[in-house]
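Visitor: I would like to learn how to read the helices and the core of a model. Could you take me through one?

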Amino acid sequence: MHPTFDQTRPQPSRWDQDGAEYVRSNIDWCARCSRRLVALNPGLMVEQALDLSQELSLDDNLRSKSPELVAEDLHRVDLQTED
């Protein structure tokens, strides 16, 4: 039998990967992502940013990353396509 301490010790997580950050609440993830999108794109309306962040959150690969990182990556792609 394992001592009580062994049973409560945190297990290693796959979220320890580079750029990964698990945000439990989808609402929190979307709020953080949309806030960063608006900060990067002042012409973007808050409602548009929230809709976009909700769409992005449906992708499991993006959802596993930091919401701010996803917004910055999207902004970087937009800048490259405008050139």
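Guide: Gladly. Helices (H or I, at least four residues) are DSSP runs, numbered from the N terminus. The expected span of a helix is 1.5 Å times one less than its number of residues. This is a predicted model, where local features need pLDDT of at least 70, side-chain atom pairs count only at pLDDT 80 or more, and totals for chains, interfaces and linings use all residues. Residues are numbered from 1 along each chain as its sequence is written, and side-chain values use heavy atoms, with hydrogens and water left out.

Visitor: What span does α2 reach from its first C-alpha to its last?

Guide: Helix α2, residues 26-40, has 15 residues and reaches 21 Å, close to the 21 Å expected.

Visitor: Which residues of α2 are buried?

Guide: Buried means under 20% relative accessible area, exposed over 50%, and partly exposed in between (1.4 Å probe, protein chains only). In α2, the buried residues are Trp29, Cys30, Arg32, Cys33, Ser34 and Leu37.

Visitor: How should I read the two sides of a helix such as α3?

Guide: An α-helix has 3.6 residues a turn, so residues three or four places apart point the same way. In α3, residues 46-56, Ala49, Ser53 and Leu56 are buried. Seen down the axis of α3, these buried residues fall within an arc of 60° (taken from the directions from the helix axis to the C-beta atoms), so they line one face. The face turned away from that buried side carries the exposed Glu47 and Glu55.

Visitor: Which residues does Ser53 touch?

Guide: Contact means heavy atoms within 4.5 Å. Leaving aside residues up to four places away in sequence, Ser53 touches Trp29, Cys30, Cys33, Ser34 and Leu37. Ser53 has 0% relative accessibility and therefore counts as buried.

Visitor: Which residues make up the largest nonpolar core?

Guide: A nonpolar core is a set of buried Ala, Val, Leu, Ile, Met, Phe, Trp, Tyr and Cys residues joined through side-chain atoms within 4.5 Å. The largest one here has nine residues: Val23, Trp29, Cys30, Cys33, Leu37, Ala49, Leu56, Val70 and Ala71. At least two residues of this core come from each of α2, α3 and α5, and α2 gives the most, with four.
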